[in-house]
Each structure stands twice: as C-alpha cells, then as structure tokens.
Amino acid sequence: MSTPISDVLIIGGGVAGLTLALEMADHQTVTLVRPAQDDQGASRWAQGGIAAVLSPDDDLEAHINDTLIAGDGLCDVEAVRFTVTHGPAAIQWLIDKGVPFTPETDPAARYPYHLTREGGHNARRIIHADDATGRAVVDTLLNNVAQHPNITQRNDLTVVGLLQDEQGACRGAYGCDANLQWHSLIARHTVLATGGASGLYRHTTTPAPSSGEGMMMAAELGACLMNLEFQQFHPTCLFDPEGPAFLISEAVRGEGGHLLNEDGQRFMLALDQRAELAPRDVVARAIDAEIQHGTLGHVWLDIRHLGKQAIHHHFPTILAHCASRGIDITQQAIPVVPAAHYSCGGVATNLQGATHVMNLYAIGETACTGLHGANRMASNSLLECLVFARSCARALLAQDDRTPAEKFQPPAFPATGPLPTATLSDIRQRMRAIMSQHVSIVRNATGLNTAQKQLKVLLNSLEEVESALAAPEGKRLHQALQLARLTVLAAQQRHESRGLHYTTDWPQQQTIAAASTLTLQDLEKRG
C-alpha cells in the first residue's frame, strides 16, 4: 500500500525531526513518522539542557574552543563554528515556540533565563527547563506540530528500510503496521532523524534506545558511516539492575556534585584539574576504573552538601524519580554507573544534513556532522538537533523547484508472519552482552576480535530463522547486528586511544587525527 507523494518524509519524532517538520510545513507538505509511544526517543529524556552562547558574559569563541577541546582533536572546525554561531538563534526560536525555560531569579543577572554549567564548559551557558529540558522541548514542539495542517503524522508504522530508484536516489521509505501489512511512503526528500545506537549495549541511559537502525537504512542505500567507534558512555546513570534506565544529569555535577568511591573519597581531584567537570570520556573512564577496583559495582554521586532547598529547586525530576526508587538524594548519595548514552558517529553529512545518497538527509544523533569529534561535550546534542534541522530546512526550501515528481513504483514486499520472538530476543540480548563486554569504555584487540567473531555467529543464526528478514522485528535486528559489526570494525582500524575510544593496545594518540569512514561494502569484504 502506498501513500500520496509528500514533499518531505521525516522518520523520527525527537527534537530534530519535530524542528524540521515545523520549519518546512509552512511551505511544503510533510509526513512525520514517529512512535505511538512518544517517550521512546532519547530527546524526551535529555535532562541537562541546551548549550549556547546566551549571556553577555560569554562569547562564541569560548564555546567553540571548549567544544574542540572536548572533541579531542577530531572535530570538524567548520561544523563546530557553524553550530555554535547558529546556536543563539535556535534557542530564540524555541523561546518563540513557547518552551518554558527556567527563568533566572537573580535580579543582577544579565540574561533572563537561568544558565547552568556542565562538564567541559568554562562558562555557564546551559539553558534548561528545570531538569527535564528534553521533555519540555518535545512537548512544546509536539503541540505545535499537532496544530499544523500541513503535517501528517504517522504513528502506526515501523519503518524498516528506504526506497531507491534506478538512478540510486532515495524515493521514500517502507514500513509495516501492527497488522503486518506493508506500506510505502514516497517522498521527494527523505530525512532520517532516527537517533543513535546506544541500544547496541546492555546498560543505557534511556529505557528504549534505538540501535542505529536508521544508520543502517542509509548504509543499505550506499551512504557512508563515520566515526562509529566513538560511542559515548554517560558517566552517571542510576545504578539499579532491577529497574529501568535513568540518567543522572551532567548538571548535577555542574552544580557541585562530588563523585565518591566506595570508601567515600573523591577520586576525580587526583586525576584531572577539572575534577568532576572534566569531559565525559575522562570521567567515565575514571568511574569505570574505580568500579573495576571495587566490589560495589558502582560509585557514588553526592549532592547532600548542596542543601535541600537547592536540590529541590534545581533537580525536582531527579529528586522525585530517585525517591520512587527508594533513594532520598537530600540524605543519601546516589549510586551511579556509566551507561551507553550517545553515538558521536553516524551517517556522514554536510552542514545541510545531506548524505552521499541523492535526496537522503540525516539530522540529529543518527548523523555525523563532525561537531562532536571523538567525544561529545555536554548539552551540545540538542543544540546540534536544532541547528542542523533548521539548516536542512533552509537547504530543502532553497532547492525545491516544485516540478512534478517522477513516477516511482515501489517494489512488492513479501508476506510477513509471526516470528519466534523468544529467539529474536535472545539474539538481541546476546548482541548487547557482547558489545558491553568487548566494545565498551576500555577495549583491546583480543576482545574486539572475539566480538567480531561472536557477532558474525549471531548474524548467521538470525539469517537461518525462516522469514526473519521479511518481518520488521527480524529486519531491525539484522540492521542492529550489522551496525554492531561495523562498530567493531571501526574500533579495530583505529590504532590509537582518542576521546571515547580507549584501547590498552594503543594507549597513545596518533600524530594526525583522522575520521573513520565505512560503508556496508567494507563489512561484506570481511565476510
């Protein structure tokens, strides 16, 4: 079944997808595919805020420099400057849309909204809505989207692949509904806003993270993937093996939280002059080392010294959630552990979100713009979503000539049927265990080789399941396994330690920092 041709098809409804939809809809028809459960995406779970130069006491060059330092030599300088310089306008756009950012209560302050500071930043430049910024932004943008007559929302489909014509151009996407019926969504331009690949790992900071399926959809059409080895592990996820994932925001350390080992001693002071405010890769490795040397399986994040009033004011969401899990953070330190959080790599794009495939774009975490380099700095993620969604919109509007789209006949899709869900679930859990054991915060060549072999075995076992690749669950799992193998390959090819990629076999950095690029063909060569 096919739908009428849309000017723009957007796959993913986080901050990047919603922003693009709103920027396009006054001029073109938009189809927005997003999950029925809108809390599944990572955007809603972003707590800390959005980094931008907003205070008169801050400046663009300082934000640029902080980002370059955090990226550990691998940032694309042009992408960094582009993002930072367009940041203030993007924030003002959100304010104009009605996002309820937390106001500044100090009458002497020179900016009307409260700005906090997070790791890697040398100034207070994080605008936020209490400690639930992502939720506030998503809810506001969703309300705007729902009222726009030019935006058609589809929450009844699971998109599993992209459509391609004989010239190699992307012509839309296809997906399956709850009744296992296939649908084709044909469009002039297709934009992936499908999130990152944290779901490849066992412990994550969001309850239902994506596993890079959108990245592999692009790769299946010939797009290049870049810097997959740089998977960021957030230093502080709530440690509760029996409960759902929950992020403890970077802002907790930004406001003065202390990391303590199991003996109750601060350990960051001896490792980095920035202590708890060091970039995430430094802090995550330090916590991992403490956990390996200890017996608890976690460290402590202590904010009791801030006082009840400050905790209630700055962290109401974290306070309430921890209380629901039996932890009073005004009286107890919070048990925390690093968890897979953000993919710095993804589909290689230019500053307008364009990929190597004609008519295919990628924005947000699924894209690799060069902004983050080898390590994303805190609160630059939502900034990237906003800036590149708006840039992509400008590019699409500038090139559109409104000529009728060429006719395109989508292929016929095979019938689908029920799959052995227990088998698929077992394969996915084993994939996550392999990635967490061998392709995590600290790596080595032996572990990467083991991971590559074990992932190949899992892939073969999936392909042996009858009709697995003809069903959405099987297809998405296949994509996740392929991306996991590409991630391992990228890590194997980087003979150095840089940013988020730390290997005991190559503890030093190469003299020249170089991005890594891979295609699906590189994996096929490995067999």
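Figure 1. In strand β5, I127 is the bridge partner of I50. The model is predicted: local features need pLDDT of at least 70, side-chain atom pairs count only at pLDDT 80 or more, and totals for chains, interfaces and linings use all residues. Residues are numbered from 1 along each chain as its sequence is written, and side-chain values use heavy atoms, with hydrogens and water left out. β3 and β5 (residues 126-127) run antiparallel and are joined by two bridges. Strands are DSSP runs of E, at least two residues, and helices are runs of H or I, at least four residues, numbered from the N terminus. Two strands pair if DSSP finds at least two bridges between them. The open sheet has the order β3-β5-β4, with antiparallel pairing. β3 (50-51) and β4 (115-116) are the edge strands, each pairing on one side only.

**Figure 2. Strand β1 and its two parallel partners.** Six of the six residues of β1 (residues 6-11) are buried. Buried means under 20% relative accessible area, exposed over 50%, and partly exposed in between (1.4 Å probe, protein chains only). β1 pairs with β9 (residues 182-192) in the parallel sense over five bridges. L9 stands opposite T190 of β9. With β2 (residues 30-33), β1 pairs in the parallel sense over four bridges. There, I11 has V33 as its bridge partner.

**Figure 3. The surroundings of L162 in the largest nonpolar core.** L162, L200, L225 and L481 touch the most other members of this core of 61 residues. A nonpolar core is a set of buried Ala, Val, Leu, Ile, Met, Phe, Trp, Tyr and Cys residues joined through side-chain atoms within 4.5 Å. Helix α14 (residues 472-493) supplies the largest share, 10 residues. Not counting residues up to four places away in sequence, L162 touches residues including I11, Y174, T190, M217 and L360. Contact means heavy atoms within 4.5 Å.

**Figure 4. Helix α6 against α14.** The axes of α6 (residues 213-220) and α14 come within 9 Å and cross at roughly 85°. α6 is therefore roughly perpendicular to α14 (65 to 115 degrees; under 35 is roughly parallel, over 145 roughly antiparallel, the rest oblique). Axes are lines fitted to C-alpha atoms, for helices over the stretch in contact, with angles from 0 to 180 degrees between N-to-C directions. From α6, E213, M215, M216, M217 and E220 make the contact; from α14, K475, R476, Q479, Q482, L483 and L486 do.
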